[in-house]
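Trainee: I am new to this structure and would be grateful for a close look at one part, the place where the two chains meet. Please also set that part in its surroundings.

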Number of protein chains: 2
Amino acid sequence: MPISANNTSRKSWLPVPNNSDFPIQNIPFGVFLTKENVVTVGTRIGDYAIDLGALQQLNYFEGIELTDDMFMQDTLNDFISDGKKTWRLVRNRIAAIFDAVNPELRDNTKHRNVIIFNMVDVEMQLPVLIGDYTDFYSSKEHATNVGKISHNQENGLLPNWLHIPVGYHGRSSTIVPSHIPVNRPMGQTLPNGEVTPVFGPSRSVDFELETAFITTDANIMGENIPISEAEDYIFGMVLLNDWSARDIQKWENIPLGPFLAKNFATSISPWIVTLDALEPFRTKGPKQAPTPLPYLQQKGKNSFDINLEVAIQPENGEPTVVTNSNFKHLYWTMHQQLAYHTSNGCRVNSGDMMGSGTISGPTQDSLGSMLELTWGGKNPIQLNDGSSRKFINDFDTVIIKGHCQNGQVRIGFGEVSSKLLPPFTRK
Amino acid sequence: MPISANNTSRKSWLPVPNNSDFPIQNIPFGVFLTKENVVTVGTRIGDYAIDLGALQQLNYFEGIELTDDMFMQDTLNDFISDGKKTWRLVRNRIAAIFDAVNPELRDNTKHRNVIIFNMVDVEMQLPVLIGDYTDFYSSKEHATNVGKISHNQENGLLPNWLHIPVGYHGRSSTIVPSHIPVNRPMGQTLPNGEVTPVFGPSRSVDFELETAFITTDANIMGENIPISEAEDYIFGMVLLNDWSARDIQKWENIPLGPFLAKNFATSISPWIVTLDALEPFRTKGPKQAPTPLPYLQQKGKNSFDINLEVAIQPENGEPTVVTNSNFKHLYWTMHQQLAYHTSNGCRVNSGDMMGSGTISGPTQDSLGSMLELTWGGKNPIQLNDGSSRKFINDFDTVIIKGHCQNGQVRIGFGEVSSKLLPPFTRK
């Protein structure tokens with residue numbers, strides 16, 4: 001099926017600002033709450049949120065096989081379950097409805113009034129009910145840096161790292177959309193040189209610059225997804241901030257991995273950008289040496305050229321961009337992650353989310369965490385207001401942005417922006 | 001509110017075999033499928049499954065505030081959300097309805113026919129939709145043994161183990177009820193002495209003898225549950241087999257913990273036994289030295305005396321009991337696990353499940369895994385049919401049972417029984 005929604009010559013009758021992440025060629029999917037307290041599945045063009053439930057009720061999806069309440073839901077899980085053919089039909093149809101040359105909705109004020117909202121008038125929700133959340137560790141630069149900083153390993157990488165996309169299970173219950181503030185966690189840590197741990201607020205709260213992909217129902221328990229089929233089960237991507245408390249992590253991490261250091265909060269951008277929309281930005285990832293075992297081998301362009309940046313904005317201040325990275329630096333691809341994840345028969349469902357791991361680039365200004373940018377807190381970084389940071393301060397807002405750009409089109413994710421608050425206090 | 005359901009002098013008008021795990025003093029909660037393909041919330045007395053949805057429709061819960069469809073659901077999550085007061089009212093009422101002296105249902109054949117089923121005529125389902133699954137590592141004996149076997153540590157325990165109930169996140173999507181077979185996982189392993197890993201069926205599939213507790217909605221994100229309140233948020237317990245592939249685990253485990261070695265399957269017993277039913281078996285756990293930090297301190301009887309056993313049954317053979325352990329051996333209590341888990345503000349929801357970790361006792365015949373029973377495969381164990389096992393063979397069934405017993409009553413969990421099949425093959 002052709003992806004007509006990607007047609008770069010198409011313009012929308014809805015105004016799209018210059019450099020918007022959301023031209024008519026994007027058509028991401030999300031869930032929003034209106035001022036009338038209605039929750040609906042939606043998409044976005046420019047600075048407008050579009051109610052897909054209302055579009056469906058007014059018969060704009062006629063001819064596409066959809067259950068009656070497909071979009072009048074508070075999650076995208078059922079839509080994602082319908083599979084790639086339906087995703088593409090719906091996305092192509094939306095592009096046609098909002099095409100500048102199509103008068104059907106453009107000239108129907110009554111319909112427009114119930115379908116189209118200003119972004120400032122809606123509140124973005126989590127787009128999916130996330131059954132299981134997995135976080136990978138797929139940047140060679142990041143894993144190398146962490147090895148050097150945390151474990152004093154000369155070459156950084158552990159023996160298994162080049163053979164498997166190392167990952168672990170995260171916590172679904174604390175995944176929140178952009179703009180939900182996060183509390184500094186309390187936790188147990190071992191002060192340097194001490195033998196008795198203490199309990200108190202974490203002193204080294206960090207961000208991790210990540211993306212994540214959302215899956216559809218992929219397999220039954222026991223069955224694997226061959227790498228050649230993996231892309232069929234990936235609906236789309238979001239930006240992800242994997243909040244981390246480095247001091248808690250250091251004390252708890254051996255032998256079972258990250259737990260309370262990570263599960264206090266994970267923030268994601270609210271619009272899921274489909275792989276179809278990212279198609280023009282397909283590119284090769286880094287060369288893999290040694291060659292992975294056959295079940296993880298693939299050829300061709302399996303990564304995407306997605307520019308990523310992180311800014312820190314102090315309370316009442318301006319944001320300072322502290323890093324610029326790119327998704328294409330990741331060593332292991334999403335296909336490899338999904339094929340690996342299911343190689344033992346682990347079942348993957350609609351709405352499951354898999355994080356990339358911190359996406360660090362090869363240079364000092366492309367590192368994906370404060371841990372790396374300050375080399376474990378040794379070299380504080382300067383913000384534009386003259387203040388310095390080893391880690392994130394209370395009332396700082398961390399803003400991750402991501403977009404793809406070529407000569408013809410810009411496809412972006414918007415942002416995941418979240419403020420760090422002091423530890424929670426009971427009212 | 002008194003727990004009248006625990007009255008040991010009460011008898012049911014339903015026959016209860018000697019040594020049944022399910023006298024009228026138990027009243028566990030589960031979900032079952034009838035021959036008519038109806039799914040309902042239920043309880044069990046003796047060898048009878050009782051349809052709580054039908055009981056509610058026929059007004060047997062009159063006077064207890066419940067939503068109309070509370071029990072006509074395919075999970076217990078909503079009921080668990082209602083909190084301890086409601087759990088207790090319902091359990092007390094069920095005990096009254098089935099009390100030998102109460103003729104109301106006993107003498108109403110028409111009602112009995114739609115409410116009561118033979119256990120052999122129903123199919124047990126997962127009792128809850130498990131949002132997040134956490135597995136702890138709370139047996140000192142097990143952690144010590146694993147340290148000695150896997151890491152060649154002289155004293156076994158890592159520095160943090162006596163200060164925190166170490167845990168990690170598991171996978172919800174592959175938690176299955178008793179009697180669902182499990183496929184031997186494929187996976188990547190590093191053969192002894194080699195530097196290049198291989199991919200193939202795991203050669204060391206193991207069980208882990210565990211219990212798990214199921215929580216109710218406990219907190220909002222950011223908030224912690226003080227240890228003094230933790231028990232209010234624990235609905236009940238099940239038996240759990242934490243299937244593990246030791247060769248995969250060995251290769252993947254450092255630095256982020258168990259992943260594909262565990263997430264291919266986790267089997268649980270289908271009836272949730274309430275903490276109320278376990279109340280008569282409350283006991284002290286092991287002395288904790290050093291004393292935990294204040295947020296993990298508690299006094300009194302915070303463990304339960306629950307006998308546990310594991311048997312291996314070869315295809316067409318008889319089961320051989322390979323270990324006998326007891327929940328009371330666990331070093332860290334459920335209260336400590338839950339207080340710790342939420343100490344950083346991690347949100348806990350209704351239906352979340354937290355595994356105990358392997359429950360090994362202090363003696364050779366009380367170890368909770370083949371890894372320990374055979375000391376890493378070095379000392380195979382004998383089954384009654386003369387065959388020996390280092391780990392679990394294809395077509396073996398692993399059966400975990402658990403019960404409490406005093407002079408007056410026996411309260412049990414039934415079993416979690418699951419057969420290991422060869423690796424999955426596509427049809």
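Mentor: The account below begins with the contact of the two chains and then turns to the parts around that contact.

This is a predicted model, in which local features need pLDDT of at least 70 and side-chain atom pairs count only at pLDDT 80 or more, while totals for chains, interfaces and linings use all residues. Residues are numbered from 1 along each chain as its sequence is written, chains are lettered from A and ligands numbered from 1 in the order in which they are written, and side-chain values use heavy atoms, with hydrogens and water left out.

Chain B brings 64 residues to the contact, and chain A brings 64 residues; contact here means heavy atoms within 4.5 Å. Between chain B and chain A about 5,800 Å² is buried, and carbon and sulfur atoms give 62% of that area. Buried area is the accessible area (1.4 Å probe) that two parts lose on being put together, summed over both.

Four salt bridges are found across the interface of chain B and chain A, a salt bridge being a side-chain nitrogen of Lys or Arg within 4 Å of a carboxyl oxygen of Asp or Glu. A salt bridge joins A:Asp352 to B:Arg171, with 2.7 Å between the closest N and O atoms. Chain B and chain A also share 30 residue pairs in polar contact, both residues at pLDDT 80 or more. A polar contact is a pair of N or O atoms within 3.5 Å; within protein, one must be able to donate a hydrogen and the other to accept it, and residues adjacent in sequence count only if both atoms are side-chain atoms.

On the side of chain B that touches chain A, the elements giving two or more residues include β6 (133-136), β7 (167-169), α7 (246-252) and α9 (334-341) of chain B. Helices (H or I, at least four residues) and strands (E, at least two) are DSSP runs, numbered from the N terminus. With three residues, β7(B) gives the most to this side of chain B. The residues on the side of chain B that touches chain A are 35 nonpolar, 21 polar and eight charged. Ala, Val, Leu, Ile, Met, Phe, Trp, Tyr, Cys and Pro count as nonpolar, Asp, Glu, Lys and Arg as charged, and the others, Gly among them, as polar.

Chain A is divided into domain 1 (4-124) and domain 2 (133-421), with bounds from an automatic or database domain assignment. The C-alpha centres of these two domains of chain A are 29 Å apart. Their contact takes 28 residues from domain 1 of chain A and 30 residues from domain 2 of chain A. About 2,200 Å² is buried between domain 1 and domain 2 of chain A, 56% of it from carbon and sulfur atoms. A:Asp21, A:Ile80 and A:Met124 supply 24% of the area that domain 1 of chain A buries against domain 2 of chain A, more than any other three residues. Two salt bridges cross this domain interface of chain A. A:Arg88 forms a salt bridge with A:Asp276, their closest N and O atoms being 2.7 Å apart.

Finally, in chain B, strand β20 (residues 307-313) pairs with strand β21 (residues 320-326) in the antiparallel sense over six bridges; strands pair if DSSP finds at least two bridges between them. B:Glu309 has B:Asn324 as its bridge partner in β21(B).
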